Amino acid sequence: MASSPIEATRIRLLSEEIDHLLEHYLQLLHQYDTLRSSLSTVQASIQQNIARANFDAPRGVRYGQDCYDQRMQAARGCCVTSGPEGTAFSVVELATRGKDGSAASEGMHKDNAGPPQKTGISAADGRPGKDAKPVGEEHEQNGDAEREERTTKPKDPVRMFGILTPQALRLAQGGAIKVVEEIIPKLASIDAEMKEVEIKIRRARKHRVKAEAAEKTAVGERREEGVMS
C-alpha cells in the first residue's frame, strides 16, 4: 500500500535525471558538430595551401607523399587517460632520436662505456686529487649529455623539402598541427563522453520502466483489495 508514493517519487527523479542527461548529450552533440565543421574547414585550407605551394614550386619539385623518405617520422603521439570522469585524449610531442634511432642503442653505449678509470690528477702537484673525476666517468657524463640533447631536440619535418620552404607549405603545416593537437583530441574525447552518456540514458530508462511496472502492479493490487473489501 505504501509503495506507490515511493515508486512515483522514484519515477519522477529518474525522469529528471534522463532530462539532464539528454540536455548534456545535446550540448556534446553541438560541440561535436562544431568541431567537425572546423576540421573540414582546416583540412580544405591545408589542401589549398599544398596546391598553391605545388603551383608556385620550381620545375621538377613537388610537395606531397611522393617525396617522403625515411626522414618522415612521427613527431607527436596520442596519450589516452582513463579516470572517474571518463576517457580523455591528448597529444604529446615525441622526442626525436639521434642517428642510431633507438633507445636500445643508447643503452648499448652505456653498457660499453666500461667501468670508470681512476686516473684523475690534481693540477697542483700532479698527484691524484680527491675532487678529481675519473676520466671514464667524465667521458660517460659527456656522452650522456650529448645523447640527451640529441634525443630531446625536436626536428622540423618541413626541412626535408629544403631550408627555403614556401610560405604556403608553412601554412599547411600549421593547419595540420592544429588538427592533430587541438581538433582531433577534442573530437575523440567528446565522442567517448557521448557514448558514456548514451549508456547512462539507457540505464536510467530501464530503471524507470521497472519503476513504472512496479507502480502499476501496486495500483492493481490496491484496486483488487478495494473490490474485495
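A residue is called buried when its relative accessible area is under 20%, and by that criterion buried residues account for 22% of the 229 residues in the chain of this predicted model.

**View 1. Overview of the chain and its secondary structure.** The chain comprises 4 helices and 2 strands, which follow one another along the sequence in the pattern α-β-β-α-α-α. Among contacts between residues at least 6 apart in sequence, 66% join residues that are at least 24 apart. The accessible surface of the chain amounts to about 16900 Å², and carbon and sulfur atoms contribute 54% of that area.

**View 2. The salt bridge between Arg-12 and Glu-16 in helix H1.** The side chains of these two residues meet at 3.4 Å, N to O, one of the 2 salt bridges counted in the model. Both Arg-12 and Glu-16 belong to helix H1, which spans residues 3-56, and they are separated by 4 residues, about one turn of the helix. Arg-12 is partly exposed, with a relative accessible area of 45%, and Glu-16 is likewise classed as partly exposed, at 35%.

**View 3. The salt bridge between Lys-195 and Asp-191 in helix H4.** Here the side chains of Lys-195 and Asp-191 form a salt bridge with an N to O distance of 3.5 Å. The two residues lie 4 apart in helix H4, about one turn of the helix. Lys-195 has a relative accessible area of 48% and is therefore partly exposed, while Asp-191, with a value of 28%, is also partly exposed.

View 4. The patch is formed by Arg-10, Lys-200, Arg-202, Arg-203, Lys-206 and Lys-210. Helix H4, which covers residues 167-228, gives the most to this patch, with 5 residues. Lys-210, a member of the patch that lies in helix H4, has a relative accessible area of 59%, and because this is over 50% the residue counts as exposed.

View 5. Val-92 sits in strand E2, which runs over residues 86-93, and its relative accessibility of 39% places it among the partly exposed residues. When neighbours within four places in sequence are left aside, Val-92 is in contact with Ala-75, Arg-76 and Gly-77. Cys-78 is 14 residues away from Val-92 in sequence, and the C-alpha atoms of Val-92 and Cys-78 are 6.5 Å apart in space.

Note on methods: Residues numbered from 1 in each chain as written. Predicted model: local features only at pLDDT ≥ 70, side-chain atom pairs only at ≥ 80, totals over all residues. Heavy atoms only, no water. Patch = residues over 30% accessible without salt bridge, like charges linked within 9 Å, V, L, I, M, F, W, Y side chains within 5 Å. Areas by Shrake-Rupley, 256 points an atom, 1.4 Å probe, with all protein chains shown as cover. Salt bridge = Lys/Arg side-chain N within 4 Å of Asp/Glu carboxyl O. Lys, Arg positive; Asp, Glu negative; His and termini not counted. Charge placed at Lys NZ, Arg CZ, Asp CG, Glu CD. Buried < 20%, exposed > 50% of the residue type's maximum accessible area, 1.4 Å probe, protein only. Contact = heavy atoms within 4.5 Å.
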